[in-house]
Amino acid sequence: MPVVEHSGSRFIRDPKPSDEAVWRRLWSGYTGFYEVHVPEAVTALTWSRILDENVPIFARIAGYDGEVVGFAISTLHPSTWTPDLNCYLEDLFVDQDARGHGVGRALIDDILKMAKDQGWDRVYWHTDSGNRTARALYDRYTKADGFVRYRIPLSDYIEGGNTEREPIR
């Protein structure tokens with residue numbers, strides 16, 4: 001997706017293989033913020049998927065003052081409710097030192113422009129309910145829709161069961 005946006009000292013572009021080290025540093029900051037451990041194999045797989053044009057996952061890299069300082073990772077998928085593709089903005093992160101300079105907003109704007117240009121039906125995302133900084137930005141675009149997310153890690157469910165149900169066998 002070759003759209004490149006430059007605004008003053010900010011830039012947004014597709015990632016290149018040479019961005020892996022800086023992306024990994026930012027990815028570590030992102031997963032650390034959410035206090036989750038992503039195994040190295042999954043991190044490596046995520047990076048390879050980002051670069052693979054045959055996978056419906058894509059990323060955008062954001063820079064400020066010549067340095068890469070943020071990223072957005074999204075997945076395109078069909079929908080049962082619309083005829084066109086939907087874009088799930090799964091991960092958005094801006095380095096702590098670069099916040100407050102419009103980088104997060106520029107990443108979202110970039111994805112919305114791509115959605116319009118490519119005819120996608122909608123862009124959606126979620127965030128932790130307590131992430132007030134992110135929510136303040138997101139609320140400028142749209143209000144939260146009130147849906148509650150449920151997520152079952154199937155390895156836990158299958159192996160350990162669930163207190164309400166029998167495990168899947």
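**An aromatic cluster and its surroundings**

One aromatic cluster is formed by W23, W27, Y30, F33, Y34, W47, F71 and F93, where rings of Phe, Tyr and Trp (its six-membered ring) are taken to pair if their centres lie within 6.5 Å, and planes under 30 degrees apart count as stacked, over 60 as edge-to-face and the rest as tilted. Please keep in mind that this is a predicted model, in which local features need pLDDT of at least 70 and side-chain atom pairs count only at pLDDT 80 or more, while totals for chains, interfaces and linings use all residues. Residues are numbered from 1 along each chain as its sequence is written, and side-chain values use heavy atoms, with hydrogens and water left out.

The structure holds 14 aromatic pairs. In one of them, the ring centres of F71 and F93 are 6.2 Å apart and the planes meet at 40°, so this pair is tilted. Because F71 belongs to strand β4 and F93 to strand β5, the pair ties together parts that are 22 residues apart in sequence; helices (H or I, at least four residues) and strands (E, at least two) are DSSP runs, numbered from the N terminus. Both F71 and F93 are buried, which means under 20% relative accessible area, with exposed being over 50% and partly exposed in between (1.4 Å probe, protein chains only).

Y88 counts as buried at 16% relative accessibility, whereas Y124, at 33%, counts as partly exposed.

Now to the helix: which residues of α1 are buried? They are W23, L26, W27, Y30 and T31, and, seen down the axis of α1, the buried residues fall within an arc of 135°, so they line one face of the helix; the arc is that of the directions from the helix axis to the C-beta atoms. What covers them includes α2 (40–51), β4 (67–77) and β5 (86–94). Just after α1, E35 takes a positive phi of about 55°.

Finally, T75, in strand β4, is buried with a relative accessible area of 17%. Leaving aside residues up to four places away in sequence, T75 touches P56, I57, N86, C87, Y88 and E90, contact meaning heavy atoms within 4.5 Å.
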